[in-house]
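Hi,

Here is the structure I promised to pass on. Have a look at it first, and my notes on what turned up follow below.

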Amino acid sequence: MISFSCKSRLKEDSKIDKLVQQMTLEEKIGQMNQVMNFIDTMPIDPYFYNLIQEGKIGSVLNAYSPEMIKEMQRIAVEESRLGIPLLVGRDVIHGYRTIFPVNIGLAATFNTELVKEIAKIAAIEARSEGVNWTFAPMMDISRDPRWGRMVESCGEDPYVAEQMAIASIRGFQGKNGFNSNSIAATAKHYVGYGAAIGGRDYNTTLIPEAELRNVYLRPFKAAVNENVATVMAGFNELNGVPTSGNIHTIRDILKNEWGFKGFVVSDWASIKNLEVHAYAKDSSDATIKALQAGVDMDMCSLYYLDKIKELVLKGSLSEELIDDAVRRILKIKFELGLFENPYANKDNKLITEQALDIAKKAVIQSTVLLQNKNKILPLSKDINKVAVIGPLADAPYEQMGTWVFDGKSENTVTPLKALREYLGNKKINYAPGLKISRTRDKKAFADAIKAAKNSDVVLLFMGDESILTGEAHCRAKLTLPGYQNELITEISKLGKPTVLVIMSGIIHMIEPYLEQVDALLYGWHPGTMGGPGYVDLLFGLESPSGKLPMTFPRTEGQIPIYYNHNNTGHPASDESWVRMYDIPLKAWQTSLGNTNHYLDYGFEPLFEFGFGLSYTEFNYSDIKLSKETISLDDSLIITARIKNIGGFKAEDVAQLYIRDLVGDIVRPVKELKGFQRISLNPGEEKIVEFILYPKDLEFHNGKKWLIEPGDFHVWIGNSSKATLMSKFELK
Ligand code: GLC
């Protein structure tokens, strides 16, 4: 599990052996039981107190206060018979008290070092209040912006998801084993949850084995290789079998094929949901199916606590399964050092200057510049008057985004606050125009229009309240909620230079706004330091450098649309797309190009994966390969020259894509295989270098893994539309 020396591992195992031998069957079952105490007052509710005291709880989650955590841990350690400490779990998803941009925004940084640093800060802050396990990183591949949980994902690409997962796990857990500030990480939601049909959360997922292996399982495999402590089985049913009772994915692949040594926790009551799925006929059946599939800990359904003993005693479940689950759980508790130090690290500080600096940097690097007509950005600080308009301009709670249990509004710096600090109050004309993002009246439009008329530039801060994104919050229509469209339209009629900043956790259909505003920044929900980060971007202290981790469709009807698609036998092209209103009357029925497009919306997205503008421009040239042909034991070095040909110091994200031209099963038209941030002064140029190994070209054909000889194309550029291309052959 964690790379201990063999001796220490043997010592560890003997400690576990000794403890397991002392445990009664009830105590073993207790370790497999995770519950939440819903009584939020102290002292601890007697029912809950007794469960802990009797060793019937192995882990608690999302407790209401550090005091409650401490007391629950004390009861476990000092009053239960064996004194086994609790795993204290929590959704520390994008920060603990310092809140960073939501995870889709962190993916947009394409900066794994930054993501690792963020997870490390979150772990330190979480340990300061006794939390020792986070249910993160989420690594579900998401190709559907209707799915509200895309906010927690790293988007559509398995390579980005895998690299961000590794970075987060290293940040949460440490690189070579836990340290005193580590928290156990969770690879979730295992597996395929993001493929929910229709983008509706919890919906059915149908994923063929090859797609499961090549796309959805990839980040989880990387997480297991990175020694992730736990894996969370999901809510979705995969090809007819719920993932929290799925022997193929958990027992066969995760535990047997990959050798995962941590433990699997169910998602919230997903063991109980096996009945709702109509996969289990009752609680006993659900218990047996989950345990046999390899789910070691039951989050909040209490089925394990209620049912396992009788099932073991009547021979329906072998105690070996229980022992394996308990050993896995105890292993993490020992490795976290909880037997020596079960309580909060009181010396750890919250919201340090360093944490806030990192949070601001994350805002700057996650925000994506999608349009900058007439280069109206960056603005000058000498500007006379700025109108600040929109329901997200001063919404400290909303800008933190979803899954924020421990962030506090009073720590949040909103765009309005940061602009006032930077420009001075006299320069600001503030009028929200809409009370909240869902407001559906024009009562406050007049003030907003007046503010705009009396200003030189208009800054619009639009988007969603945080609750409109995240779990169970999906949308069929992806226009901005409330009367935001109407407000943007009214403001645009004034003809003022207008900048739109969208603060959300999901992708909206923004094509109409491109005509109405001059510049558009996609700011995701930015967290604590949203305001200062945006000010640095708007006034040119920093250039935008974020890149899209997910394709932006032109309209919902194009979904799903993603860059790493297969070619099909009828690929679309601009020539082949006959626009719907150009079709002559009585056109012969097969005259419409016969290709993979929509008559009305074509085949191209609004913005492609990997896209993001800068205040400067980068020129990519001179792609070179170390060899034209490589063999299986070779590697290939690919370089390109990048030059900053504009007048602004900035960072770009160089991206490496390949295409396998012919495969045992068809392969995507492009696959990201590398990315790196490059900083260049105006006029400066650098050589960017990537190394490819034959292993990077491996794919699963539904039956086995293959590295097939053949021809490949390779690109380097700063979006998935990269054109700088070369080719090589794998012998
Ligand atoms: C949820 C989520 C999961 C979260 C868990 C604990 O329903 O699906 O991501 O970690 O409950 O809060």
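**Two helices crossing**

The crossing of α6 and α7 is right-handed (a crossing is right-handed if the near helix is turned clockwise from the far one by less than a right angle, and left-handed if anticlockwise). Before I go on, please keep in mind that this is a predicted model, where local features need pLDDT of at least 70 and side-chain atom pairs count only at pLDDT 80 or more, while totals for chains, interfaces and linings use all residues. Residues are numbered from 1 along each chain as its sequence is written, and side-chain values use heavy atoms, with hydrogens and water left out.

Helix α6 covers residues 112–127 and helix α7 residues 158–173; their axes come within 7 Å and cross at roughly 35°. Axes here are lines fitted to C-alpha atoms, for helices over the stretch in contact, and angles run from 0 to 180 degrees between N-to-C directions. Helices (H or I, at least four residues) and strands (E, at least two) are DSSP runs, numbered from the N terminus. On the α6 side the contact (heavy atoms within 4.5 Å) is made by Thr112, Val115, Lys116, Ala119, Lys120, Ala122 and Ala123. From α7 come Gln163, Met164, Ala167, Ser168, Arg170, Gly171 and Phe172. These residues divide into seven nonpolar, four polar and three charged (Ala, Val, Leu, Ile, Met, Phe, Trp, Tyr, Cys and Pro count as nonpolar, Asp, Glu, Lys and Arg as charged, and the others, Gly among them, as polar).

**A covered strand and a covered helix**

Strand β15 (residues 498–503) is mostly covered, with six of its six residues buried. Buried means under 20% relative accessible area, exposed over 50%, and partly exposed in between (1.4 Å probe, protein chains only). In a regular strand the side chains alternate between the two faces of the sheet. In β15, Thr498, Leu500 and Ile502 are buried on one side, and Val499, Val501 and Met503 on the other. Strand β14 (residues 457–463) pairs with β15 in the parallel sense over six bridges; two strands pair if DSSP finds at least two bridges between them. Within that pairing, leucine 459 has valine 499 of β15 as its bridge partner.

What does helix α20 pack against? Its buried residues pack against α15 (353–366), α16 (415–423), β14, β15 and β16 (519–522). Nine of the nine residues of α20 (residues 530–538) are buried, including Tyr534, Val535 and Asp536. Glycine 540 follows α20 and has a positive phi, near 75°.

β17 pairs with strand β19 (residues 636–644) over six bridges, and leucine 625 has isoleucine 638 of β19 as its bridge partner.

The other open sheet has five strands, ordered β18-β26-β25-β20-β21, and its pairing is mixed. β18 (629–630) and β21 (671–680) stand at the edges with a single partner strand each, so one side of each is left without a neighbour in the sheet. β25 and β26 pair in the antiparallel sense over six bridges, with methionine 725 of β26 as the bridge partner of tryptophan 715.

Serine 720 lies in the loop between β25 (710–717) and β26 (725–730). Is serine 720 buried or exposed? It counts as buried because its relative accessibility is 8%. The side chain of serine 720 reaches the backbone oxygen of phenylalanine 609 at 2.6 Å.

Most residues other than glycine have a negative phi, and most peptide bonds are trans. A cis peptide bond joins alanine 136 and proline 137, with omega about 10°; proline 137 is in the loop between β4 (133–134) and α7. Leucine 377 and proline 378 are also joined by a cis peptide bond, with omega about 0°. Asparagine 239 is not a glycine, yet has a positive phi of about 50°, and isoleucine 351 has a positive phi near 50°. Asparagine 239 lies in the loop between β7 (237–238) and β8 (241–242).

Happy browsing!

Definitions and conventions:
Polar contact = N/O pair within 3.5 Å; in protein donor to acceptor, adjacent residues only side chain to side chain.
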